[in-house]
Amino acid sequence: QVQVVESGGGLVQTGGSLRLSCAASGRAFSNRAMGWFRQAPGKEREFVAAISWSGGSTIYADSVKGRFTISRDNAKKTVYLQMNSLKSEDTAVYYCAQHKTPYASRHDYEYWGQGTQVTVSS
């Protein structure tokens with residue numbers, strides 16, 4: 001069974017930065033795409049970013065493009081989400097998930113973490 005654990009959330013002011021980390025167990029990590037999602041209060045969970053197995057391909061939601069960067073370190077079995085120029089609308093619980101295939105996608109994730117809270121205050 002794969003376990004996914006997020007960390008790095010917290011409280012930050014508008015315009016600030018945070019880096020989220022996602023540690024995953026299991027031998028398949030280096031052969032699977034990984035993704036970040038978020039869910040704000042009263043809203044559905046939404047896609048944020050994804051990265052392919054090698055890190056060579058990434059995709060982003062339009063709302064975070066140019067501000068967030070997803071990356072991975074397969075040796076450490078860890079995925080990162082660098083978040084810059086944070087806005088109040090970025091406030092949400094952020095989830096990391098492992099994809100069913102090596103290819104970055106907005107859908108079809110099978111293992112999910114418990115989430116980490118990010119709060120952006122003005």
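Rings of Phe, Tyr and Trp (its six-membered ring) are taken as a pair if their centres lie within 6.5 Å, with planes under 30 degrees apart counted as stacked, over 60 as edge-to-face and the rest as tilted. In this predicted model, local features need pLDDT of at least 70 and side-chain atom pairs count only at pLDDT 80 or more, while totals for chains, interfaces and linings use all residues. Residues are numbered from 1 along each chain as its sequence is written, and side-chain values use heavy atoms, leaving out hydrogens and water.

Across the whole structure, 4 aromatic pairs are found. In one of them, the ring centres of Phe37 and Tyr109 are 5.1 Å apart and the planes meet at 80 degrees, so this pair is edge-to-face. Phe37 belongs to strand β4 and Tyr109 to strand β10 (residues 109–112), so the pair ties together parts 72 residues apart in sequence; strands (E, at least two residues) are DSSP runs numbered from the N terminus. Ring pairs also join Phe37, Phe47, Tyr109 and Trp112 into a cluster.

How buried are the two partners? Phe37 has 6% relative accessibility and counts as buried, and Tyr109, at 9%, is buried as well; buried means under 20% relative accessible area (1.4 Å probe, protein chains only).

Gln98 is buried, with a relative accessible area of 1%. Leaving aside residues up to four places away in sequence, Gln98 touches Tyr109, and also Val2, Phe29 and Met34, among others; contact means heavy atoms within 4.5 Å.

Note on methods:
Buried means under 20% relative accessible area, exposed over 50%, partly exposed in between (1.4 Å probe, protein chains only). Helices (H or I, at least four residues) and strands (E, at least two) are DSSP runs, numbered from the N terminus.
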